[in-house]
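This report looks at helix packing, backbone geometry and aromatic pairs in the structure shown below.

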Amino acid sequence: MPFDAPASDAPTSDTRATPGARDSAPGARDSADRPQGPPPEPGAPPEPGKQPEPGKQAVPALRIVPVRRTGQWIAALFVLLLLAMAVNSLARNKAFQWDVVADYFTTSAVLRGLGLTLWLTALVMVLGFVLGTLLALGRMSSNPVLSWVSSGYIWFFRSTPILVQLLFWFNIGALYPQLGLGIPFGPEFVTVKTVNLLGPVTVAVLGLTLHEAAYAAEVVRGGLLSVDRGQIEAAQSLGLSPWRRLRRIVLPQAMRAIVPPAGNMLIGALKGTSIVSVIAVQDLLYSVQLVYHRTYQVIPLLLVATIWYALVTSVLSVGQHYVEKHYARGAERS
């Protein structure tokens with residue numbers, strides 16, 4: 001009869017295991033029990049309750065030491081010392097006569113002179129930039145006559161001192177006793193005496209405007225040249241007229257480059273109006289000169305003019321900042 005083996009001696013798949021499986025089983029159990037996490041950064045102290053691995057030494061954390069700026073602190077203390085000495089000199093020197101400064105600071109004569117200074121500055125800047133814009137466009141024109149005339153004007157008025165220009169226009173009657181309007185080399189229809197036409201204030205407006213226009217032309221020209229050529233070509237492709245291209249495309253972008261030097265010109269024109277005192281225009285400086293010629297209090301009256309100029313210049317500087325901020329919208333600024 002056939003021999004039947006016992007069931008207990010038959011090999012089964014449940015109890016059979018390979019050596020590789022036996023070797024990997026402990027490792028799998030260890031990796032399952034080991035918490036996973038990012039490796040520690042170099043130089044970081046070991047976690048609490050854990051010792052560094054055998055054969056490796058714990059690296060202490062690096063200490064960040066700020067840079068010692070001894071020279072800067074010494075320079076700052078030196079500047080503060082000089083500033084304190086200047087303030088002490090202004091406050092304790094009786095020669096400044098601050099009580100006299102306070103008495104004349106808001107007198108009617110000083111305020112009238114201040115008003116004329118502000119009016120003259122505003123009028124000169126408006127007329128100067130209108131004429132300067134025309135000169136800038138003429139210099140950039142392809143017409144050689146307009147380009148040469150504009151360049152010659154800019155060269156002449158930038159080469160002549162403003163004081164010489166004012167004295168020349170003040171004495172224009174010596175060259176032309178009367179001015180007329182008529183046909184060249186023909187009869188004159190209207191004539192007027194130069195003395196009656198050009199008074200001190202008119203001479204001041206004329207001289208300062210012609211002088212500022214030469215500088216305004218270069219400011220406007222630099223701003224126009226700063227606009228990318230592609231913008232103009234894009235406007236041309238849309239069929240925009242030259243005037244509309246200038247007004248809607250070029251000038252709004254050029255203002256970012258025009259406003260900062262124009263602000264400096266405005267402040268310079270405000271202070272430059274003091275030169276009209278040489279032709280007896282009663283601006284702020286001439287007004288205080290009339291007072292100290294009568295009272296012989298030269299220093300306090302000059303301080304009155306200085307403080308007024310500083311106050312108005314500060315207001316203009318703040319306005320320039322906000323105008324620059326307005327035209328810089330949408331542009332990256334460093």
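Helix α6 (residues 162–170) and helix α8 (residues 200–225) have axes that come within 9 Å and cross at roughly 140°, where helices are DSSP runs (H or I, at least four residues) numbered from the N terminus and axes are lines fitted to C-alpha atoms over the stretch in contact, with angles from 0 to 180 degrees between N-to-C directions. The model is predicted, so that local features need pLDDT of at least 70 and side-chain atom pairs count only at pLDDT 80 or more, while totals for chains, interfaces and linings use all residues. Residues are numbered from 1 along each chain as its sequence is written, and side-chain values use heavy atoms, with hydrogens and water left out.

**Helix packing**

α6 and α8 are therefore oblique to each other, given that angles under 35 degrees count as roughly parallel, over 145 as roughly antiparallel, 65 to 115 as roughly perpendicular and the rest as oblique. α6 passes α8 in a right-handed crossing, that is, with the near helix turned clockwise from the far one by less than a right angle. On the α6 side the contact (heavy atoms within 4.5 Å) is made by Ile162, Gln165, Leu166, Trp169 and Phe170, and on the α8 side the residues include Pro200, Val203, Leu206 and His211. By class, the residues of this contact of α6 with α8 divide into 10 nonpolar, 3 polar and no charged, where Ala, Val, Leu, Ile, Met, Phe, Trp, Tyr, Cys and Pro count as nonpolar, Asp, Glu, Lys and Arg as charged, and the others, Gly among them, as polar.

The axes of helix α4 (residues 108–139) and helix α12 (residues 298–327) come within 12 Å and cross at roughly 40°, and α4 and α12 are therefore oblique to each other. α4 passes α12 in a right-handed crossing. Val110, Leu111, Leu114, Thr117 and Leu118 of α4 meet Val304, Trp308, Tyr309 and Val312 of α12 in this contact, which has 8 nonpolar, 1 polar and no charged residues.

**Backbone and accessibility**

Ala280, in the loop between α10 (242–272) and α11 (284–295), has a positive phi of about 65° although it is not a glycine. Tyr296, in the loop between α11 and α12, likewise is not a glycine and has a positive phi of about 60°.

The table gives relative accessibility, with buried meaning under 20% relative accessible area, exposed over 50% and partly exposed in between (1.4 Å probe, protein chains only).

| Residue | Relative accessibility | Class |
|---|---|---|
| Ala280 | 43% | partly exposed |
| Tyr296 | 70% | exposed |
| Glu233 | 46% | partly exposed |
| Tyr153 | 17% | buried |
| Phe157 | 9% | buried |
| Phe168 | 44% | partly exposed |

**Aromatic pairs**

The structure holds 5 aromatic pairs, a pair being rings of Phe, Tyr and Trp (its six-membered ring) with centres within 6.5 Å, and planes under 30 degrees apart counting as stacked, over 60 as edge-to-face and the rest as tilted. The rings of Tyr153 and Phe157 have centres 4.5 Å apart and planes at 40°, so this pair is tilted. Both residues, Tyr153 and Phe157, lie in helix α5 (residues 144–159), 4 residues apart, about one turn of the helix. Phe168 and Trp169 form an edge-to-face pair, at 5.7 Å centre to centre and 80° between the planes. Ring pairs also link Tyr153, Phe156 and Phe157 into a cluster.

How values were computed
Helices (H or I, at least four residues) and strands (E, at least two) are DSSP runs, numbered from the N terminus.
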